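Take a moment with the sequence and the 3D view below. The text after them walks through the fold step by step.

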Amino acid sequence: MASVYVDLALGLVVAFLLLSLLVSGLNEAVVRVLSIRSKFLWAYLRDTLDGVADKAPSWLPGSLRDVLVALPFGPDPRPKHSSQRRPPTPARCPRRRPATP
């Protein structure tokens, strides 16, 4: 009788594991195709660090429709790539001499 319950428990664990792997894979595929993760990150950082005033709308989507329609295909909140060369490495600061008493 106990083996029936063990079989049922193992079957449920395996079923939930396979279902969670399937759903996670589909979620990652959608996120990767639409490039939503990086856009959410930049939208959050831009809103947090720049501040959202009354005149400037928030970059973060307000509804599920905005997540699936406006964010992937709207204006990109990520900064533009610059074709300028990287600035030269900064000069090293001179070492401080220990104070003599």
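How many residues does H2 have, and how far does H2 reach from its first C-alpha to its last? H2 has 15 residues and reaches 21 Å. That is close to the 21 Å expected at 1.5 Å a residue. Keep in mind that this is a predicted model.

Now step back to the whole protein. There are three helices and zero strands. Along the sequence, the pattern reads α-α-α. The protein has 101 residues, and buried residues make up 10% of them. Consider next the contacts between residues at least 6 apart in sequence. Of these, 49% join residues at least 24 apart.

Start with H1. This helix covers residues 2–34. H1 has 33 residues and spans 48 Å from its first C-alpha to its last. Here too the value is close to expectation, which is 48 Å at 1.5 Å a residue. After H1 comes serine 35. The phi of serine 35 is positive, near 55°. H2 then runs over residues 36–50.

How do the two helices meet? H1 and H2 pack at an angle of about 65°. Their axes lie 6 Å apart. Angles of 65 to 115 degrees count as roughly perpendicular, so H1 and H2 are roughly perpendicular to each other. On the H1 side, the contact is made by Glu28, Val31 and Leu34. On the H2 side, Ile36, Arg37 and Lys39 take part.

Which residues of H2 are buried? They are Ile36, Lys39, Ala43 and Asp47. These residues cover an arc of only 65° around the axis, so they sit on the same side of H2. The other side of H2 holds Arg37 and Leu49, which are exposed. Two of the buried residues, Ile36 and Lys39, are named in the contact with H1. Exposed Arg37 is named there as well.

One more residue of H2 deserves a look: threonine 48. Is threonine 48 exposed or partly exposed? Its relative accessibility is 45%, so threonine 48 counts as partly exposed. Now find serine 58, which is 10 residues from threonine 48 in sequence. In space, the two are 9.7 Å apart, C-alpha to C-alpha.

Key:
Residues numbered from 1 in each chain as written. Predicted model: local features only at pLDDT ≥ 70, side-chain atom pairs only at ≥ 80, totals over all residues. Heavy atoms only, no water. Axes fitted to C-alpha atoms, helices over the stretch in contact; angles between N-to-C directions. Helix = DSSP H or I, 4+ residues; strand = E, 2+ residues; numbered from the N terminus. Parallel < 35°, antiparallel > 145°, perpendicular 65-115°, else oblique. Contact = heavy atoms within 4.5 Å. Expected span 1.5 Å × (residues − 1). Buried < 20%, exposed > 50% of the residue type's maximum accessible area, 1.4 Å probe, protein only. Arc of directions from axis to C-beta.
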